[in-house]
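Visitor: I have a model to look at. Please walk me through it.

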Amino acid sequence: MEAETRVALLGIIVENPEEVEKLNQILHEYAEYIIGRMGIPYSKKKMNVISIVLDAPENKISALSGKIGMLKGISSKVIYGKKC
């Protein structure tokens, strides 16, 4: 039986460019759940803002956000779509 999935938006702010390679490795691990990804460099503040749209089981989304949140200088927050 397949686990129920949710659509979610994962917002990521990167303030430490040295951790980007680790971030990309983590995102690659969850590639099967990623619907789309958009990155915006904000040179004025020396940061990057990334939006990831996911369709995944809630535990996978939480695990992804938690792994990203453990990276130094990178913050993440999840917004879930309403259950239908």
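Visitor: What do the buried residues of helix 1 pack against?

Guide: They pack against strand 1, strand 2 (34–42), strand 3 (47–56), helix 2 (58–69) and strand 4 (74–80). The model is predicted: local features need pLDDT of at least 70, side-chain atom pairs count only at pLDDT 80 or more, and totals for chains, interfaces and linings use all residues. Residues are numbered from 1 along each chain as its sequence is written, and side-chain values use heavy atoms, with hydrogens and water left out.

Visitor: Which residues of helix 1 are buried?

Guide: L23, I26 and L27 are. Buried means under 20% relative accessible area, exposed over 50%, partly exposed in between (1.4 Å probe, protein chains only).

Visitor: Why is E19 called buried?

Guide: E19 has 10% relative accessibility, so it counts as buried. E19 sits in the loop between strand 1 and helix 1 (20–29).

Visitor: What is E19 in contact with, leaving aside neighbours within four places in sequence?

Guide: L71, K72 and I74. Contact means heavy atoms within 4.5 Å.

Visitor: Why does V7 count as partly exposed?

Guide: V7 has 47% relative accessibility. That value lies between 20% and 50%, so V7 is partly exposed. V7 is found in strand 1 (residues 6–14).

How values were computed:
Helix = DSSP H or I, 4+ residues; strand = E, 2+ residues; numbered from the N terminus.
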